[in-house]
Amino acid sequence: MTPPSTPGLEPPLETPEVPLEAATQPAGRRIASAALLIGTGNVTSRVLGLVREQVIAALFGATGGTSAFRTATRVSTAVYDLLLSGATTAALVPVFSDYAASGETAQLSRIVSTFINFTLLGLGAVVAALVIGAPLLVTLLGADPAYFDLAVELTRLALPSILLLGISGILTATLYARQRFTVPAFTAAIYNVGIIFAALTLTRALGIQGLVLGLALGALLQIIAQLPALRGLRYQPVLDFGHPGVRLVARLYTPVFLGMLASYAVVVIDTSLAWRTGTDSVAVMAFATTLIQFPLGLVGAAASLAILPTLSRLATAELDGSVEIGSFEITLLRGLKTVVLLIVPLGALLVVLREPLVAALFQRLAFDAVATQRTALAVLAYSPQLPFVVVDQLLIVAYYARKQTVTPVVVGVVGVGVYLAAALSLVAPLGMPGLALANAAQNSAHAVILYVLLARGFPRLREAAVAWFVARIGLGGAAAALAAWLILGGFGDAMAPAAGLLVRLVAVAVAAAIGLGVYALVLAVLRVTELREVVGIAGRLLRR
C-alpha cells in the first residue's frame, strides 16, 4: 500500500515561482534543492510508512486477513492511479506549469476548479458503481475463498477514500506547478499519520475494518494541510470542459490512461497469482514493497517531482527560442546522474541488510520469524529494479514535459509482456519470489527501452562519459555492500532476536553508516564530481 502523493509546512522554505530566464543556468542547483526538500518530506513519509507497517504487522501479521486488506487497497489504489494519479505527472503538472509560468492565475484557478468538480461528480459515480461491483473485483483478484467476504467488505470501505485522494492529488499538482514544494513534500507523511491513528484507536473496536477507515482520514488531512498554501487561487463552481487547458490535459492523458489499463491488468494477474502461492503472499509482498519503496520515494519520486516543472518550462522555452537549445538535455542528464548516485548505495545496503532489517522493523507479536524470512526473500527479488526504476521515473517525466505521452505508454505495454513471460515461467518453480522477480524485470525493461529511445534524440546520453560514470558508481556500490556485510558479520550474536530490538537496530545502523562512508570515499577517490555537488546542496538546505 503506497500513499499516492506527498505534503509539508515551513513557509520560509517554499520555492517561489521562477521566471523562465532563471530556469536555465541555475536550474540544476534549484532542482537538486527542490529534490532534497521533497526527499526530506519523503524520508518523513517513509519513516512514518514504516511505523504504519510495523503497526499493521504487530496487530495483524502476515496473514490471510492482512492479504485481504492489501487486496482492498490495491483496488482503491488502482482506481485512483488510473483516473487521477497518473494524470498528475503526465498532464496536470506540465499544463498547470505553463499557466503558472505565464502568470495566468485566473485561468489556472478555472482549470483546477474544473478538475476538482469533475472529481467529485464523475469519480463519485465511478466509486459508487465499484462499491456495488466489489464482489466481481475481488473475484478477479483471486482472493482465497476463506477471506473473500472480508476482502469485499474492506474494498467497499476503502473505495470512498479515492474521492478525497483525488482532490488532494489535484492540489498537489497545482503546488508543484507553481514550484511550491514544501507543503506537497509532506502530504504522504500526513496520510500515514491518519492511517496510524486509525490503527491505534479504531482497530480494537472495529478490527481490521478500522484500519481501512484510516485511508479516508489520512486523505482528508492531506487536503486540510494543502489549502493554506494555495493562496492566490480561487475556487469556482464550474465544469469548463471546453477550456484549452482542460482539453490539453485530456489529450495528454488519454494515451497514458489506456496504457495504465494494461499495467493494471498486471496488478490483477499479480494479485491472483500471489494468492495461489499462499494466503500470506499478498501481505508479504506488500511488506517487502514498503522497504523497496523507501529508497525509491526518497530518490526517484523526489527528483522526478522536483524536475518536472523545470523540464516543462525548458521544453516550451526551447521551442520558442527563449533559452539555449540543449538546456533541457543538460538538466535531464544532471538529474539522471544524481538519482543513480543516490540510489546505488541505498539499494546495495538494502540487499545486504534485508533480513536483519525486516526482523528489527516487523518481527514482533503477530509477525513471526517465518514472515521475516519470506519478506526478506521478497525484498531480495524486488531489489534488482531499484536503479532502473529511479532512472525510469525521470525518463517518463522527460517525455511528459515535452507533452509526449504516447511513447511511455507503448513501452509500458511492452513491459506488460515482459512481466507475463517472466511471471508465468517463474511462479511455478519459485512461487512468490518469482512474481517479485517478474515485477523487477518488467520495470527494468521499461527503463532500458525508454533510455535507448530517448538517447536517439539526445547525444549526451550516448557519450562514453555516462558509461564511465555508471561504472564508478557501481564500483562504489559494491564496496559499500562488502563493507556493510563484513561489519554485520562482526556483530555475531548481537543480531539474534534475543539480543533485543535496540541492539539489532544499532548494529544495522552502524553497518549502513560504514557502508555509506566507504561509498563516499570510493567516489571521492574516483573523482565523481557530482558527489560534491549533492553534498554541498544538502549542506545549504540544512543551513536554511
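These are my notebook entries on a few features I looked up in this structure.

**Ground rules.** I am working with a predicted model, where local features need pLDDT of at least 70, side-chain atom pairs count only at pLDDT 80 or more, and totals for chains, interfaces and linings use all residues. Residues are numbered from 1 along each chain as its sequence is written, and side-chain values use heavy atoms, with hydrogens and water left out.

**Entry 1: salt bridges.** I began with charged pairs, taking a salt bridge as a side-chain nitrogen of Lys or Arg within 4 Å of a carboxyl oxygen of Asp or Glu. The structure has 4 of these salt bridges. Helices here are DSSP runs (H or I, at least four residues), and they are numbered from the N terminus. Together, Arg52, Glu53 and Arg70 make up a network of salt bridges.

Are these residues buried or exposed? I use buried for under 20% relative accessible area, exposed for over 50% and partly exposed for in between (1.4 Å probe, protein chains only). Glutamate 53 and arginine 52 are both buried, and arginine 70 is buried too.

**Entry 2: a bridge to a loop.** Next I looked at arginine 110, whose side chain meets that of aspartate 240 in a salt bridge of 2.7 Å, N to O. Arginine 110 sits in helix α3 (residues 105-132) and aspartate 240 in the loop between α9 and α10, so the pair ties together parts that are 130 residues apart in sequence. Arginine 110 is partly exposed at 27% relative accessible area, whereas aspartate 240 is buried at 18%.

**Entry 3: a surface patch.** Leucine 239 lies in the loop between α9 (208-226) and α10 (244-276). With 38% relative accessibility, leucine 239 is partly exposed. I found leucine 239 in a nonpolar surface patch with Phe118, Leu120, Leu121 and Phe241, and together they have about 490 Å² of accessible area. Patch members have over 30% relative accessible area and no salt bridge; like charges are joined within 9 Å, and nonpolar side chains (Val, Leu, Ile, Met, Phe, Trp, Tyr) within 5 Å. The areas come from the Shrake-Rupley method with a 1.4 Å probe, and for residues only the protein chains shown count as cover.

**Entry 4: aromatic pairs.** How many aromatic pairs does the whole structure hold? I noted 6. Rings of Phe, Tyr and Trp (its six-membered ring) pair if their centres lie within 6.5 Å; planes under 30 degrees apart are stacked, over 60 edge-to-face and the rest tilted. Phenylalanine 118 and phenylalanine 241 pair edge-to-face, 5.7 Å centre to centre with 90° between the planes. Phenylalanine 118 is in helix α3 and phenylalanine 241 in the loop between α9 and α10, so the pair ties together parts that are 123 residues apart in sequence. Phenylalanine 118 is partly exposed at 43% relative accessibility, and phenylalanine 241 is partly exposed at 44%.

I also checked phenylalanine 287 and phenylalanine 367, whose ring centres are 5.3 Å apart with planes at 90°, so this pair is edge-to-face. Phenylalanine 287 is buried at 0% relative accessibility, and phenylalanine 367 is buried at 1%. Phe287, Phe362 and Phe367 form one aromatic cluster.

Methods
Helix = DSSP H or I, 4+ residues; strand = E, 2+ residues; numbered from the N terminus.
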